[in-house]
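I set down here what I looked up in this structure, entry by entry.

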Amino acid sequence: MTPAQLSTTIVDGLTALVEQGALTLPDGVPAEVTVERPRQKGHGDYATNVALQLAKKAGTNPRALGELLADRLRAAEGISDVEVAGPGFLNITVEAAAQGVVAAEIVAAGERYGHTATLAGQRVNVEFISANPTGPLHLGHTRWAVLGDAIGRVLAAAGAEVTREFYINDRGVQMNHFADSIIAAALGRPAPEDGYAGAYIGDLAKAVGEASPGIFDLPAEERRAAVREKGYELQLAQQQAQLAAFNTHFDVWFSELSLHESGSVPETLARLKELGTVYEEGGALWMRTTDFGDDKDRVLIKSDGELTYFASDTAYYLDKRGRGFDRCIYLLGADHHGYVGRLRAMAACVGDDPSQTLEVLIGQLVKILRDGEELRLSKRAGTIVTLEELTDEIGVDALRYSLARYPADSPLVLDVAEITRQSNENPVFTVQYAHARVASLLRNAADLGVEAAPHPELLTHEKEGLLLRALAEFPRVVASSAELREPHRVARYLEELAGTYHRFYDSCRVLPMGDEETTDLHRARLLLVQATRTVLANGLDLLGVTAPDRM
């Protein structure tokens with residue numbers, strides 16, 4: 001019996017009491033009831049405070065409601081005992097057979113275990129990183145590469161239809177500076193003012209020349225346009241390759257320039273004028289964002305006729321909505337707090353309710369330490385540490401997991417030695433080692449010819465029960481991670497699960513020793529081990545981290 005199944009049983013019990021006239025709930029029976037694992041031993045397998053929550057509405061006291069519901073639940077299939085504790089908490093003990101069935105259900109579900117329909121029917125766009133295509137990805141992008149990807153994964157696991165999107169800032173003066181920097185490097189000149197520095201520019205100049213022989217001999221304006229296009233193409237391809245190697249994948253790479261070439265920006269301005277949310281002043285066109293909580297109105301077209309980034313941002317948001325996304329999630333860096341109000345106001349100006357259609361997550365800074373010193377300089381990019389260098393130094397799994405296990409809004413300091421150490425003090429090692437240990441046991445079982453089989457009534461040991469209840473929690477952890485946009489909950493759950501499994505293994509022998517005969521208990525425990533492997537692998541996959549069979 002999983003927490004979700006027990007919640008349904010409690011709801012059914014409340015419904016029966018209402019139908020019998022034993023209970024009155026003016027607002028109706030809740031659709032679901034929160035069921036938790038008690039922290040204290042001896043308080044049953046699960047606990048709920050539903051009696052405390054409903055007593056006032058029912059016109060009774062919590063303990064009386066608790067006793068009424070407890071009598072009903074004691075007769076329910078799969079429940080062996082219900083105790084009413086304190087002011088009205090219900091401590092519920094599940095029958096061993098009902099609890100043990102979870103192992104077989106998990107193995108049968110396989111890769112789908114943990115997936116729910118919590119967010120079914122929602123179409124969600126998750127935009128993250130969105131770096132300029134003018135240089136390599138760096139530490140500042142790395143946290144969002146992990147969290148944006150993991151948020152997309154847990155949203156999909158919770159039933160949402162998810163599109164992960166990278167917005168390419170390929171329009172604007174920075175693209176000319178980029179081209180001029182490449183040309184300067186190719187011709188042996190100093191980088192121009194406001195240009196880009198770092199060894200990567202020299203590498204890119206060489207690559208551009210090799211890909212398009214004679215490109216640097218073209219007339220100045222023609223050369224700039226050609227170098228801009230080819231440099232952009234090569235740099236974007238490098239970003240895409242780096243992210244793929246980092247196990248971060250996008251469904252859409254969206255060009256800012258395409259908004260202007262397609263006519264989306266003029267269409268957006270026309271729509272805003274129809275809605276009456278723009279005005280002209282000082283020769284510029286402004287959006288009335290202060291009407292919707294922004295600290296100041298925002299310029300869409302400057303007095304010299306130049307379009308602002310905010311005009312592109314507005315057109316881009318409307319493009320997403322036009323593609324059918326119910327909710328647009330933006331993941332922005334620590335220096336973008338001011339964007340929250342203006343983006344919400346922008347959504348309101350185009351006629352949307354931003355609380356329903358738009359969400360902005362702000363991530364805090366990450367520092368990486370090596371030998372007690374912060375990594376600041378890059379061999380290839382000058383003043384930034386690149387994603388490629390970080391993965392070479394730390395490894396994809398260690399870096400991804402270490403970044404995923406903390407909330408986005410918490411500043412983070414990671415030590416290279418600590419997150420790469422192969423010991424139980426390192427969380428990523430602990431979880432991956434648990435999976436490898438499980439895989440090793442399953443290989444040994446195969447060598448011995450021992451096959452798993454469901455005998456749930458035999459899984460009565462305390463440590464078996466603790467492991468079963470931990471495994472049963474996984475779908476709820478995934479659902480809450482999706483609803484709260486907090487994939488770190490999956491990481492912390494996996495760490496707790498790994499410890500629970502190790503304690504089970506130390507107390508409950510899974511395979512027969514020597515000439516010992518294989519029993520149904522061995523088979524039942526082996527099924528429990530298979531279920532543990534499934535959950536560990538599924539959880540690591542939600543974080544974009546591999547589940548190794550050997551370490």
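**Cysteines.** I looked up C328 and found it buried, with a relative accessible area of 0%; buried means under 20% relative accessible area, exposed over 50% and partly exposed in between, with a 1.4 Å probe and protein chains only. C349 is buried as well, at a relative accessible area of 1%. I then searched the whole structure for disulfides and found 0, a disulfide being a pair of cysteine sulfur atoms within 2.5 Å. The sulfur of C328 has its closest cysteine sulfur in C349, 16 Å away, which is too far for a bond.

**Basis of the values.** I note that this is a predicted model, in which local features need pLDDT of at least 70 and side-chain atom pairs count only at pLDDT 80 or more, while totals for chains, interfaces and linings use all residues. Residues are numbered from 1 along each chain as its sequence is written, and side-chain values use heavy atoms, with hydrogens and water left out.

**Strand 11.** I asked why strand 11 (residues 358-362) is largely enclosed by the rest of the structure. The reason is that 5 of its 5 residues are buried. Helices (H or I, at least four residues) and strands (E, at least two) are DSSP runs, numbered from the N terminus. In a regular strand the side chains alternate between the two faces of the sheet. On one side of strand 11 I find L358, V360 and I362, and on the other E359 and L361, all buried. Strand 10 (residues 327-332) runs parallel to strand 11 and is joined to it by 5 bridges; two strands pair if DSSP finds at least two bridges between them. I located L332 opposite I362.

**Helix 11.** I recorded 14 residues for helix 11 (residues 309-322) and a reach of 20 Å from first C-alpha to last, close to the 20 Å expected at 1.5 Å a residue; the expected span is 1.5 Å times one less than the number of residues. Of the 14 residues, 10 are buried, among them D313, Y316 and K320. G324 follows helix 11 and has a positive phi, near 95 degrees.

**Lining of the largest cavity.** I listed the residues that line the largest cavity, including G100, H455 and L527; lining residues have an atom within 4 Å of a point on a 1 Å grid where a 1.4 Å probe fits but cannot get out. Helix 4 gives the most to this lining, with 4 residues.

Note on methods. On a 1 Å grid over the protein atoms alone, a cavity is a set of points where a 1.4 Å probe fits but cannot get out, and a pocket is an open set with protein on both sides within 12 Å along at least five of seven lines; lining residues have an atom within 4 Å of a point.
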